Amino acid sequence: MWKDIPVPFYLSVHFFEVLNPKQILQGAKPVLSQRGPYVYREYRYKTNITFHDNDTVSYLEYRNLFFQPHLSNGTEDEYIVVPNIMLMGAAVMMEKLPKVVKIFLSEILSTMNQEAFMNRTVGEIMWGYEDSLINAINAIVPGLIPFKGKFGLFAGFNNSNSGLFTVNTGMKNISQVHMVDSWNGLKKVNYWRSSQCNMINGTAGEMWPPFMSPTSLEFYSPDACRSMTLVYEQSGKFKGVPTYRFVAPKTLFANGTDYPPNEGFCPCLQSGIQNVSSCRLNAPMFISHPHFYNADPSLVEAVEGLNPSKEQHGLFLDVHPMTGIPMNCSIKLQLNLYIREVSGISQTKNIKPVVLPLLWFAESGSIEGSVLKQFYTNLVLLPSVLDYLQYILLGLSVPLIMAAAVLMAMPKEKCSLFWSSNKKSSDSNKANQATCAQKLPAVQGTVLQEARL
């Protein structure tokens with residue numbers, strides 16, 4: 001189960017289409033419309049599995065994604081108006097350059113027909129599109145960006161691995177099983193400004209140590225470039241299997257002012273979004289919950305078209321506490337781009353500063369079919385049967401105990417059906433035999449007499 005997880009995972013992607021791009025350039029509030037979901041079946045498998053002498057095992061886990069038209073609300077050929085991520089990101093990154101340099105670069109961008117917003121297909125935004133700006137950046141500043149020719153938000157997500165994980169096997173200490181020992185050979189990352197924020201904590205997010213307590217769980221997410229802590233919300237059942245539900249606390253993406261331990265993730269804006277530019281090529285990218293759920297209300301008010309709700313946008317993990325195996329999960333994140341007017345870059349015109357949602361996605365999966373049946377039988381049904389059986393046996397033993405107690409309490413008198421004719425028998429024996437004889441029913445016919453030796 002650990003090597004090839006027999007759980008069907010799905011990646012559901014929702015895009016935010018910009019309905020008023022021309023008005024935004026004049027300083028208007030962005031108006032968004034959610035499109036999708038565009039659903040992909042996700043297959044995971046582990047390779048390069050290597051066991052080490054220190055009770056750890058290393059592996060690479062690959063993901064393959066396949067579009068599912070029957071589960072999607074739309075096709076990959078549909079066009080969507082979104083921000084020109086490369087241009088808008090580059091504009092903010094160039095903000096501190098001399099103005100004359102920015103004007104010169106803006107003219108170059110104009111010759112390449114680069115604009116603040118673009119109309120692309122879902123497939124192009126997901127998996128990559130040809131962009132002359134990419135070629136220009138690679139020619140002017142080689143190595144600045146880690147890709148050539150095409151740019152896509154999920155281009156590095158498909159047919160790729162999430163890094164080399166080394167985790168504990170739990171051979172000597174079961175409480176440490178699945179816990180991450182290192183990621184890409186690192187005991188901690190160097191993206192953030194504090195040692196605590198750079199720590200690699202918890203598991204790789206697939207399983208946790210058994211015999212869990214209803215407190216919290218941790219995992220390291222390469223996609224978010226950090227460790228995450230979820231907190232216990234409630235106990236429940238998933239198709240008859242008992243679970244603990246863990247959810248994201250409000251402090252997960254809080255800024256350093258509202259939650260000082262998060263100061264290491266700054267520079268920050270409002271609470272509810274996390275700056276990930278340090279692990280995303282210094283581009284002004286932020287992650288959050290979908291629709292800015294649990295975020296500062298000003299983020300929701302800055303755009304039109306968002307309706308945050310816990311039911312639709314809150315992430316959760318339902319874990320079987322005895323084994324530490326997730327039964328049902330949905331990890332949801334939103335990708336946002338910070339855009340604004342940059343003096344000297346004409347393409348940005350009069351854009352007011354705003355954290356603009358690009359898309360949100362959910363990675364979801366649940367145990368089902370024969371795996372769920374086997375899980376339920378072995379870990380729920382059989383223990384319940386054994387539990388009831390002990391009470392049944394206890395109930396059956398009560399009458400036997402009572403009968404034994406009654407027998408123990410009865411007078412210890414002996415009645416001899418064939419009493420001895422020994423002349424040496426005592427008077428008391430004779431009296432007892434007489435009493436017993438009176439109690440015995442009358443016998444019709446011949447009575448055998450004891451043979452006297």
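A disulfide (a pair of cysteine sulfur atoms within 2.5 Å) joins Cys-225 to Cys-279, with an S to S distance of 2.2 Å. The structure is a predicted model, in which local features need pLDDT of at least 70 and side-chain atom pairs count only at pLDDT 80 or more, while totals for chains, interfaces and linings use all residues. Residues are numbered from 1 along each chain as its sequence is written, and side-chain values use heavy atoms, with hydrogens and water left out.

## Disulfides and cysteines

The torsion about the S-S bond of Cys-225 and Cys-279 is about 90 degrees, so this disulfide is right-handed. Cys-225 lies in the loop between β10 (216-221) and β11 (226-238), and Cys-279 in the loop between β13 (273-275) and β14 (285-288), so the pair ties together parts that are 54 residues apart in sequence. Helices (H or I, at least four residues) and strands (E, at least two) are DSSP runs, numbered from the N terminus. Cys-225 is buried at 1% relative accessibility, and Cys-279 is buried at 14%. Here buried means under 20% relative accessible area, exposed means over 50%, and partly exposed lies in between (1.4 Å probe, protein chains only).

The count by the distance rule comes to 2 disulfides. A disulfide also joins Cys-266 to Cys-268, with an S to S distance of 1.9 Å. The link of Cys-266 and Cys-268 is left-handed, with -90 degrees about the S-S bond. Cys-266 is buried at 8% relative accessibility, whereas Cys-268 is partly exposed at 30%. Cys-197 is in no disulfide; the nearest cysteine sulfur, that of Cys-266, is 8.4 Å away. The relative accessibility of Cys-197 is 4%, so this residue counts as buried. Cys-329 is likewise buried, with a relative accessible area of 10%.

| Residue | Relative accessible area | Class |
|---|---|---|
| Cys-197 | 4% | buried |
| Cys-225 | 1% | buried |
| Cys-266 | 8% | buried |
| Cys-268 | 30% | partly exposed |
| Cys-279 | 14% | buried |
| Cys-329 | 10% | buried |

## Backbone geometry

Most residues other than glycine have a negative phi, and most peptide bonds are trans. The peptide bond between Cys-266 and Pro-267 is cis, with omega about 20 degrees. Pro-267 lies in the loop between β12 (241-247) and β13. A cis peptide bond also runs from Gly-36 to Pro-37, with omega near 10 degrees. Pro-37 is placed in strand β2 (residues 32-51).

Two residues with positive phi may be described next. Asp-55, although not a glycine, has a positive phi of about 65 degrees. This residue is in the loop between β2 and β3 (56-67), and Asp-55 counts as partly exposed at 22% relative accessibility. Phe-211, also not a glycine, has a positive phi of about 55 degrees. The loop between β9 (180-183) and β10 holds Phe-211, and this side of the description ends with its accessibility: Phe-211 is exposed, with a relative accessible area of 66%.

## Buried sites and their contacts

Asn-198 is also found in the loop between β9 and β10. At 8% relative accessibility, Asn-198 counts as buried. Leaving aside neighbours within four places in sequence, Asn-198 is in contact (heavy atoms within 4.5 Å) with Lys-188, Val-189, Asn-190, Tyr-191 and Trp-192.

Thr-121 belongs to strand β5 (residues 117-121) and is buried, with a relative accessible area of 11%. When residues up to four places away in sequence are not counted, Thr-121 touches Glu-76, Asp-77, Glu-78 and Tyr-79.

Helix α2 is mostly covered, as 8 of its 9 residues are buried. The buried residues in α2 are Ile-85, Met-86, Leu-87, Met-88, Gly-89, Ala-90, Ala-91 and Val-92.

## A nonpolar surface patch

Leu-97 lies in the loop between α2 (85-93) and α3 (99-111) and is partly exposed, with a relative accessible area of 36%. Together with Val-100 and Val-101, Leu-97 makes a nonpolar surface patch of about 240 Å². Patches are made of residues with over 30% relative accessible area and no salt bridge, like charges being joined within 9 Å and nonpolar side chains (Val, Leu, Ile, Met, Phe, Trp, Tyr) within 5 Å. A salt bridge is a side-chain nitrogen of Lys or Arg within 4 Å of a carboxyl oxygen of Asp or Glu. Accessible areas come from the Shrake-Rupley method with a 1.4 Å probe, and for residues only the protein chains shown count as cover.
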